[in-house]
Amino acid sequence: MSSNFLSRHVDVSKYAVIFGGAQKNIGITDVTLVIVRKDLLSSYPSPSFLHAIGVWSPPTILNWSIIAKNNSLYNTMPIFSIWIAGEVMRGLLHTHEEEGLAGQEALANEKAQIIYDVLDRHPEVYQVVPNLSVRSRMNICFRVRGGDATQEKTFLEYAEAQLLQGLKGHRSVGGIRASNYNAVPMKNVEKLAAYLKDFASKSHKPST
């Protein structure tokens, strides 16, 4: 898990292992959160068995039974990164004291819906990339006028002028990508929604 971690309820009991990167909703890079079912901690195959079947033993840092026995302190910890993650957790608990994670899930849904509603109201200008059934709440991807390079460049330039930054899509696919992680406040989402409406209302049409 990565982008959606701590943004919605997950039934941990359904999984043997949950491996989560911190660099989206938990904190900064170089921290990984792993939730391991207890019975797996005592059933780690021996190095001799792994070698016999042609698999090399993973480094100790990935031997979860050793890490658990040492209270996650087997190696030198990235103290600052862990402190940041702790502050994020405390902030979520303070913000959603009564609702818990359900409160953050509702907020994430609301923020994403605000953006999707604007995009869906202007299909002649914006085309959401994924199918409706698999839309992401954390990374909202779309094209401008069918992926017209000039129009998307204009869209990004105008957005930058309004300090709406980091909207350029992934280099492998292009387009526009609006990240909606937990740290993005509602006022920023509303600012982006207002810009989307304004851009769509103006005649930014490809020249003929």
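User: Where does Asn71 lie in this model?
Analyst: Asn71 lies in the loop between H3 and helix H4, residues 79–95. Keep in mind that this is a predicted model.

User: Is Asn71 buried or exposed?
Analyst: Asn71 counts as exposed, because its relative accessibility is 58%.

User: And what about its phi?
Analyst: Asn71 has a positive phi of about 55°, although it is not a glycine.

User: Why bring that up?
Analyst: Because most residues other than glycine have a negative phi. Asp30 has a positive phi too, of about 80°, and it is not a glycine either.

User: Where is Asp30 found?
Analyst: Look in the loop between strand E1 (17–21) and strand E2 (32–36).

User: Buried or exposed, that Asp30?
Analyst: Exposed, since Asp30 has a relative accessibility of 53%.

User: New topic, aromatics. How many aromatic pairs are in the whole structure?
Analyst: A search of the whole structure finds eight. One of them joins Tyr126 and Phe142. That pair is edge-to-face, with 5.6 Å centre to centre and 85° between the planes.

User: Which parts of the chain does that pair link?
Analyst: Distant parts. Tyr126 is in strand E3, residues 126–128, and Phe142 is in strand E4, residues 139–144. The two are 16 residues apart.

User: Are those two buried or exposed?
Analyst: Tyr126 counts as buried, because its relative accessibility is 2%. Phe142 also has 2% relative accessibility, so it counts as buried.

User: Buried or exposed, Phe155 and Phe199?
Analyst: Phe155 is at 0% relative accessibility, so it counts as buried. Phe199 is at 2%, so it counts as buried too.

User: Which residues form the aromatic cluster?
Analyst: Tyr126, Phe142, Phe155, Tyr158, Tyr195 and Phe199 form one cluster.

User: Back to strands. How do E4 and E5 pair?
Analyst: In the antiparallel sense, over four bridges. Ile140 has Ala178 in E5 as its bridge partner.

User: Which residues of E5 are on the covered face?
Analyst: Ile176 and Ala178. Arg177 and Ser179 make up the uncovered face of E5.

User: Which residues is Asn182 in contact with?
Analyst: Leaving aside its neighbours within four places in sequence, Asn182 is in contact with Phe5, Leu6, Ser7, Asn25, Leu92, Gln104, Lys111 and Met138.

User: Last one, the surface. Which residues make the nonpolar patch?
Analyst: Val17, Phe19, Ile61 and Leu62 make a nonpolar surface patch of about 330 Å².

User: Where is Ile61 placed?
Analyst: Ile61 is in the loop between helix H2 (47–52) and helix H3 (64–69). Its relative accessible area is 43%, so Ile61 is partly exposed.

Notes:
Residues are numbered from 1 along each chain as its sequence is written. This is a predicted model: local features need pLDDT of at least 70, side-chain atom pairs count only at pLDDT 80 or more; totals for chains, interfaces and linings use all residues. Side-chain values use heavy atoms; hydrogens and water are left out. Patches are made of residues with over 30% relative accessible area and no salt bridge: like charges are joined within 9 Å, nonpolar side chains (Val, Leu, Ile, Met, Phe, Trp, Tyr) within 5 Å. Accessible areas come from the Shrake-Rupley method with a 1.4 Å probe; for residues, only the protein chains shown count as cover. A salt bridge is a side-chain nitrogen of Lys or Arg within 4 Å of a carboxyl oxygen of Asp or Glu. Buried means under 20% relative accessible area, exposed over 50%, partly exposed in between (1.4 Å probe, protein chains only). Rings of Phe, Tyr and Trp (its six-membered ring) pair if their centres lie within 6.5 Å; planes under 30 degrees apart count as stacked, over 60 as edge-to-face and the rest as tilted. Contact means heavy atoms within 4.5 Å. Two strands pair if DSSP finds at least two bridges between them.
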